[in-house]
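Hello,

Here is the structure we talked about. Please look through it before reading the notes below.

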Amino acid sequence: MAFGHRDVGRRRFLAYMIAAPTLAVGVKLGVDLAGGDTASAAIPAPPQPADLYDLTDALTDAARPTANLITVVVNEDGTVSFDLPRAEVGQGITTAVAMIIAEEMDVPLDKVTITLADARPELVFNQLTGGSNTIHAMYTPIRVAAAIAKGALLDAAAAILQENRERLTSRAGLVTGPAGTVLSYGELARAAAATETRAVEAPALKPASEFTIVGTSQTRVDAYDIVTGRKQFAMDLDVPGAIPTMVCRPPTIGGTVKGVRNEDKVRSMPGVVDIAVIRTGVAVAAETFGQCIDVVRALDVEWGPGVVDGESDDTVIEKLRAAAIPLPPGLPGAKVVENEFVFAFRSGSPLETNCAVADVRDGKAEVWYGAKVPITAQAEIALLLGIPQTAVTLHVVQSGGSFGRHLFPDAALEAAEASQKMGRVVKLMWHRTDDSRHGRTHPMTTVNIRASHNDEAVLAYHQHHTSVETDTYHGLGEAISAQATKLPPGNYTVAQSLFLLAAKTSYNFGVTNQLLHEIPLQFPTSSVRNVYSPDVRVAQELIVDQLAEAMGEDRYGFRRAYAKNEHLRKVLERVAEMGDWGRSVPDGVGYGIAVHDEYKQIMACMAEVDARPETVKREIRNGKTGPRVTKVWYATIPGSLVVNPRGMEAQLMGGITDAVGLVFTAGLHVKDGIPLEGSWDDYFYTRQWNVPETIEIDIMDPDPALEVPGAGEAGVAAACGAIASAYAAAVGRIPTFFPILHDELGFEPKPLVPPVPESPTNGLDFTF
């Protein structure tokens, strides 16, 4: 493989028995970066940066100095607790971490409780949730802490039973002596506890051959609560005294409040508690969210200009084309295949709207928010409020999705500012129109590609990615790098690094070059799922289709012949077998194939698209149809193991569903400085009637050389490439604008706030 990697065996773990009433074990991964060789595969094309050292490596190395100041606690009731310094936003990391602890400690999975850690500045770079890095970075440190805890329990049992520790066995949270005497972990918790914090030697970890939990398919630990409605997300927080609060926002992005013309009138409306001007609009607190909506509708605000007034889809595309770095000319005497692809703005709004609770009083702040970079969020809140960072307590709560949205604490900042100005606890929530128009988006992008070839081989491949600036002002998750990104050219430098550590071609195309150039338009953007990869992969796979046609080769055979390594060939072969590549299909039906290689995981996808008139124009009540992705086959070779195969399968299915929308329907139409879509009934994310009828996923044997657990988050990119390729085959042309149906769906833009209902709200409490 062309991956650089470090030898886990050369890492130095510092473990601690922590002084506590019951058994508590901490572990810190010491800095030891000298170990490990960088391997480079012998390939015709020179290795790209991401072949040798990718985003996963960078995030894991950044976390090493504090990877991880973590604590595994054994309680007197026999349960085990762990405060996870990452955010659960639906990706299933709480389940995976619970499985790791249960495996190493020999306790039942339902005896492990995972909570989310508050902002902890001492963790520095190690509290950023992103890049599918949580399990990669934390797998071994968590195992070490759990193994030490189990060892301390065995030592305590040996002392009580007056037996050699080697004669004791542990199973299901119980320690059994040779005479059959049984002691529970709960009974041993106090006896195993340390009276002072001290360093201990890290033990040998359980060999994978003895695993009974890790590597088996497990239902999410919170699945029952989710399906029964008992699950508590950020929107469900019930903080005593918190007043429902919403914000009246400007008609363009970044507009400011110059004045409120009818403040006295709206203050007298039913249920109104308070009104305050904040940086992003006018905050309204009322007894119910329904009354908040009424007041937001009634407010007459004089607005200042926005930051992108006058910008629309066409003007942004024009600026991107003007800023694009010219492609090198084709090689002398070679034939050239080239194209330009345009990708619209896409919403990064998850299922749960943006929301937070804040209590700012007496020079202190307590905030509840689903933050993926809580240290940076804590620092920004402190700066906004004019108080020390140590005076801000930020509780990380579970969120109903993220897609990168919660890398930015927009709602937390608004809630904190409103609470400070109103002098009361507020529960602030965005409605769906806020999310669609003022929320974070995947930036509009153009991709230009030129490939040179002769009759025998592809000789050169150049891909230039020009984009509206992707906001990376959160840095690496802590205050120093976050501030550095705000200095010129900080954000541009971070974006370049992210691109180089993620974007690469999976094919041997000779001289290969991929560049990113961003223009600083002030649209609110974020690293939406898989960051640059879906756009990079779609454009590349469509050019590969063009190359195959120009060189007279089968699209699958061409990919297999040019794949960079054996793993890519294996996943290509597998999906071609699953989807029966080469079979005949009716006119108007096509299939495509694509590969992707990211986060230490190799993936291939084959998709079938039905673009026949009877499918495109099929009638759906209150729905928009179009080409249908009917079948998807997916094969992946993960890292050294898969902690929870069911969780990985769910992530890959989510990526496939995402890809359907990104390729066909999910785009924002920007006009005069703001997106026109006002909710999901006109922002056409994947609908149930467009989900593939058949999805087959094969998680193939892991690659032990990759050393880290597999991650499923990158699945969206390969699926995007395969679906775009399948559509091209179905209609006989290469699409160049995405989403493909962007200008064909048709909709009526919504007002800036939800419309007035037919009957008064009468103070009913409802959400959007």
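This is a predicted model: local features need pLDDT of at least 70, side-chain atom pairs count only at pLDDT 80 or more; totals for chains, interfaces and linings use all residues.

Salt bridges: the count comes to 47. One of them joins Asp54 and Lys600, with the closest N and O atoms 2.9 Å apart. Asp54 lies in the loop between α1 and α2, and Lys600 in the loop between β25 and β26, so the pair ties together parts that are 546 residues apart in sequence. Asp54 is buried at 4% relative accessibility, and Lys600 is buried at 2%.

Another salt bridge links Lys258 to Glu302, at 3.9 Å from N to O. Lys258 sits in strand β11 and Glu302 in strand β14, so this pair connects parts 44 residues apart in sequence. Lys258 is exposed, at 57% relative accessibility, while Glu302 is partly exposed, at 31%.

Arg560 belongs to helix α16 and Glu573 to helix α17, so the bridge ties together parts that are 13 residues apart in sequence. There is also a network, in which salt bridges with shared partners join Asp51, Lys504, Lys564 and Asp597.

Buried arginine: Arg432 is in helix α12 and has 10% relative accessibility, which counts as buried. A polar atom of the Arg432 side chain lies 3.0 Å from the backbone oxygen of Pro350.

Surface patch: Tyr224, Ile226 and Val227 make a nonpolar patch of about 330 Å². Val227 is in helix α6 and is exposed, with a relative accessible area of 68%.

Regards

Terms used. Residues are numbered from 1 along each chain as its sequence is written. Side-chain values use heavy atoms; hydrogens and water are left out. Patches are made of residues with over 30% relative accessible area and no salt bridge: like charges are joined within 9 Å, nonpolar side chains (Val, Leu, Ile, Met, Phe, Trp, Tyr) within 5 Å. Accessible areas come from the Shrake-Rupley method with a 1.4 Å probe; for residues, only the protein chains shown count as cover. A salt bridge is a side-chain nitrogen of Lys or Arg within 4 Å of a carboxyl oxygen of Asp or Glu. Helices (H or I, at least four residues) and strands (E, at least two) are DSSP runs, numbered from the N terminus. Buried means under 20% relative accessible area, exposed over 50%, partly exposed in between (1.4 Å probe, protein chains only). A polar contact is a pair of N or O atoms within 3.5 Å; within protein, one must be able to donate a hydrogen and the other to accept it, and residues adjacent in sequence count only if both atoms are side-chain atoms.
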